[in-house]
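Here is a quick tour for anyone meeting this structure for the first time. Have a look at it, and then we'll walk through it piece by piece.

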Amino acid sequence: MHWSDRPFELGARGRHAHLKVRGLAAGYGAFLVLRGLDFEVRPGLTVILGPNGAGKTTLLRALSGLIPRGGEVLLDGDDLPEKTHEIVRGGVALVPEGRQLFPQMTVTENLELGGWLVPKAERARRLEQVLADFPKLRERAGQLAGTMSGGEQQMVAVARAMMAAPRLLMLDEPSLGLAPRMVDELLAIARRIADGGTTVLMVEQNVKKALAVADRGYVLERGALVASGPARLLARSTVIREAYLGAESDTDKTTDARTARAAVTA
Ligand SMILES: Nc1ncnc2c1ncn2[C@@H]1O[C@H](COP(=O)(O)OP(=O)(O)OP(=O)(O)O)[C@@H](O)[C@H]1O
Ligand SMILES: [Mg+2]
């Protein structure tokens, strides 16, 4: 079997984590972006779609403890802690918008940072595993992260998060700014991680491609969830076709949500 078809070794193999959220509220100071969201992230790959400014990143930040949140969040039946490091320890990892690698550090050093919570020997074991899961990164282990292409950097960011062996991995627009072939590769990686037993919650604006790899999806608009369902049904739903895929939905063209939305609202 080709490496790119194998499920990932690293991660929460067989854990199949399940996140349940009731009444999630979050924002910045007095500005409430999300008000009372109810949703769940079942084992597999769930995608959150929505236009710019809808609150997608805010949602992932709230679940990572980077901003305060209200409401109830249960991970496998237990309350999700409030503090970021406790959330990470609890098995939740975030690949943030814009990757946020350390450009002056090597690939290996960036990856090691993803295993900061585990003892040295275990960190070394995970590094070996992550390089087996991402053979392209092994060839680049000594390269400064800042000198890599956008797609390679995104791969490092995902691999770094996998160093925490999360049971829930959250990805914020992994395909942003990448060439179509790299978009496909990154989305395939997200799929393989989910197939390896790590539950994946992914924010994407590449609507058609994201729904093609996801199991389920939600659509977030102005801080509220306006549609949800199995990915295959969502792709055919009126809300997605009209607002995100527009007239292109019957062709093979890739439609970026931003462009599609602009075209629809123009
Ligand atoms: N640090 C911040 N302080 C104040 N307001 C913020 C902050 N970050 C985001 N916002 C606001 O919160 C709202 C939601 O932003 P968010 O980044 O969650 O949207 P998004 O759906 O991720 O958009 P995009 O597709 O552009 O990434 C926007 O109105 C934004 O201006
Ligand atoms: Mg965002």
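## A strand in the middle

Keep in mind that this is a predicted model. Let's begin with S3: Leu45, Val47 and Leu49 point to one side of the strand, while Thr46 and Ile48 point to the other, and every one of these residues is buried. That makes S3, which runs over residues 45-49, a mostly covered strand, with five of its five residues buried.

Who are the partners of S3? One is strand S8 (residues 199-203), which pairs with S3 in the parallel sense over four bridges. Here Leu45 has Val200 of S8 as its bridge partner. The other is strand S9 (residues 216-221), again parallel to S3 and again with four bridges. On this side, Leu49 is bridged to Val219 of S9, and Ile48 stands opposite Tyr218, also in S9.

## The six-stranded sheet

S3 belongs to an open sheet of six strands, and reading across you get S6-S7-S8-S3-S9-S10, with mixed pairing. At the edges sit strand S6 (92-95) and strand S10 (224-230), each of which pairs on one side only. On average, neighbouring strands in this sheet are turned by 15 degrees against each other, ignoring direction.

A helix lies against this sheet too: H1 packs on it, touching S3, S6, strand S7 (168-172), S8 and S9. The direction of H1 makes about 150 degrees with that of S7.

## The four-stranded sheet

There is another open sheet to find, this one with four strands in the order S2-S1-S4-S5 and antiparallel pairing. Its edge strands are S2 and strand S5 (78-79), and each of them pairs on one side only.

Strand S4 (residues 70-75) meets S5 in the antiparallel sense, with two bridges between them. If you want to spot this on screen, look for Leu75, whose bridge partner in S5 is Asp78.

## Around the ligand

## The nonpolar core

The largest nonpolar core has 76 residues, and Ala159 and Ala190 have the most contacts inside it. Setting aside neighbours within four places in sequence, Ala190 is in contact with Leu45, Leu171, Pro174, Val200, Met202 and Val213.

Last stop: Ile240, which you'll find in helix H10 (residues 238-245). Is Ile240 buried or exposed? Ile240 counts as buried because 24 other C-beta atoms lie within 10 Å, and the cut-off for that label is 20 or more.

Leaving out residues up to four places away in sequence, Ile240 touches Val207, Val219, Leu234, Ala235 and Leu245. Val219 has come up already, as the S9 partner of Leu49. Ile240 and Lys208 are 32 residues apart in sequence, and their C-alpha atoms are 9.3 Å apart in space.

Notes: Residues are numbered from 1 along each chain as its sequence is written. Chains are lettered from A and ligands numbered from 1 in the order in which they are written. This is a predicted model: local features need pLDDT of at least 70, side-chain atom pairs count only at pLDDT 80 or more; totals for chains, interfaces and linings use all residues. A residue is buried if 20 or more other C-beta atoms lie within 10 Å of its own, exposed if 12 or fewer, and partly exposed in between; C-beta atoms are placed from the backbone. Two strands pair if DSSP finds at least two bridges between them. Axes are lines fitted to C-alpha atoms, for helices over the stretch in contact, and angles run from 0 to 180 degrees between N-to-C directions. Two residues are in contact if their C-beta atoms, placed from the backbone, lie within 7 Å. A nonpolar core is a set of buried Ala, Val, Leu, Ile, Met, Phe, Trp, Tyr and Cys residues joined through C-beta atoms within 7 Å.
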